[in-house]
Amino acid sequence: MHFETEAIRTQNERTHFQEHSTPLYLTSSYVFDDAEDMRASFSEEKERNIYSRFTNPNTSEFTEKIAKMEGAEAGFAFATGMSAVFSSLAALLNSGDHIISARSVFGSTHSLFTKFFPKWNISHTYFNVDEVDKIESLIKPETKIIFAETPTNPGVDVLDLEVLGKIAKKHNLILIIDNCFATPWLQNPIKFGAHLVIHSATKLIDGQGRVLGGVTVGNADLIREIYLFSRNTGPALSPFNAWVLSKSLETLAVRLDKHCENAEKVAEFLESEANAENVKYPFLKSHPQYEIAKKQMKKGGNIVSFEIKGGIEAGRKFIDAIKLCSRSANLGDTRSIVTHPASTTHSKLSEEDRLEAGIKPGLVRVSVGLEHVDDVIADLKQALNSI
Ligand SMILES: Cc1ncc(COP(=O)(O)O)c(C=O)c1O
């Protein structure tokens, strides 16, 4: 079946109420027929819901949909994108292990690698987004995982999934891709050799800025390890949020197509503006990895980044002059959002780390929403003219 059909028709079995749309299962636990039923369920001889920290019908429906959309064998849903990143890595890594990661990763993922994992003797080495060819030279005997985001947040750089997949396979490493900016509609990293794919469902999967969520899908054996870790440590997605997110997936393809159409127009507009430099959008011919983006993405996504001429002060003036778009740190909402990463999402990084991750002082990230694109462009134009 086609993606759009699976997104709508993958649904929990109907109850005796014959509901058309999946109901919300707000229950923390489930009941058993007798002691034997309980024993067999806890020993996993029976596959069934026991306690909603482990599984719940709403989280299972959501996970099943994402797994189908990504071409994955299995999955587990989390309370946030970061709990998906943390729990997936923590479940698979042991003290002494080493991660190779792209330097341009979401700020909290960077904090995980640099501040928290060292406490458990887990080390990392970064490579620059344009140095994928150097990855093999970074592999150590204790390397276990290659981690990357593509497109990256907030720089909108694109990494070659095919190359990453081949390196992981050759060296027997686990390739984990954070696919948050692309969603399963625009890019399926498993096709290129990724073993696990992670999403912050908070972003385009919800698409309306309402709930937090995360999900990891991929190889069934790895997901089993992640499930066992998560079942005991408790980062599960709430049934309510799972219900919202599963509904949102029904419209993912149509929403994303419109987001991409609007974002492409915003990117073209910004390229023509004198005060905007270094405009980056994966499907702009000027994007340094345009050919790679075309190879692995269906469309360019909804995020456009650019640099304001005049650095940090001009960046702040621009943000202050915005009237229609929201000043917010989120992305992937129906409402267009402008963010100045150097003073917000990535402000905890040192200036040096920010620059190494490609975050210049004047960098602005626009998450293009679903308003009429002419209104979004008019707002950006008046703000750029006011600098
Ligand atoms: C690429 C990427 N990964 C992970 C996350 C974390 O997701 P959450 O905010 O749902 O924890 C974000 C959040 O912006 C993100 O952009």
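**A buried glutamate and the salt bridges of the chain**

In this predicted model, Glu61 is buried and yet takes part in no salt bridge. The nearest side chain of opposite charge belongs to Lys65, at 4.2 Å, and the pair is not counted because a salt bridge requires the nitrogen and oxygen to lie within 4 Å. Glu61 sits in helix 3, which spans residues 57-70. Its side chain does find a polar partner in Ser246, with a contact of 2.6 Å between the two side chains. Beyond the neighbours within four places in sequence, the residues in contact with Glu61 are Thr10, Gln11, Asn12, Thr22 and Ser246.

Elsewhere, charged pairs do meet, and the count of salt bridges comes to 24. One of them connects distant parts of the chain: Arg224, in helix 9 (residues 220-233), is paired with Glu44, in the loop between helix 2 (35-42) and helix 3, 180 residues apart. The N to O distance between Arg224 and Glu44 is 2.9 Å. Arg224 is partly exposed, at 37% relative accessibility, and Glu44 is likewise partly exposed, at 37%.

A further bridge joins Glu131 to Lys134 at 3.1 Å. Here Glu131 is partly exposed with a relative accessible area of 21%, while the value for Lys134, also partly exposed, is 43%.

In helix 11 (residues 252-271), Glu261 and Lys258 stand 3 residues apart, or about one helical turn. Their closest N and O atoms are 3.3 Å apart, forming a salt bridge. Both partners are partly exposed, Glu261 at 38% and Lys258 at 37%. Salt bridges with shared partners also tie Asp160, Glu162, Lys166 and Lys295 into one network.

Notes: Residues numbered from 1 in each chain as written. Predicted model: local features only at pLDDT ≥ 70, side-chain atom pairs only at ≥ 80, totals over all residues. Heavy atoms only, no water. Helix = DSSP H or I, 4+ residues; strand = E, 2+ residues; numbered from the N terminus. Buried < 20%, exposed > 50% of the residue type's maximum accessible area, 1.4 Å probe, protein only. Lys, Arg positive; Asp, Glu negative; His and termini not counted. Polar contact = N/O pair within 3.5 Å; in protein donor to acceptor, adjacent residues only side chain to side chain. Contact = heavy atoms within 4.5 Å.
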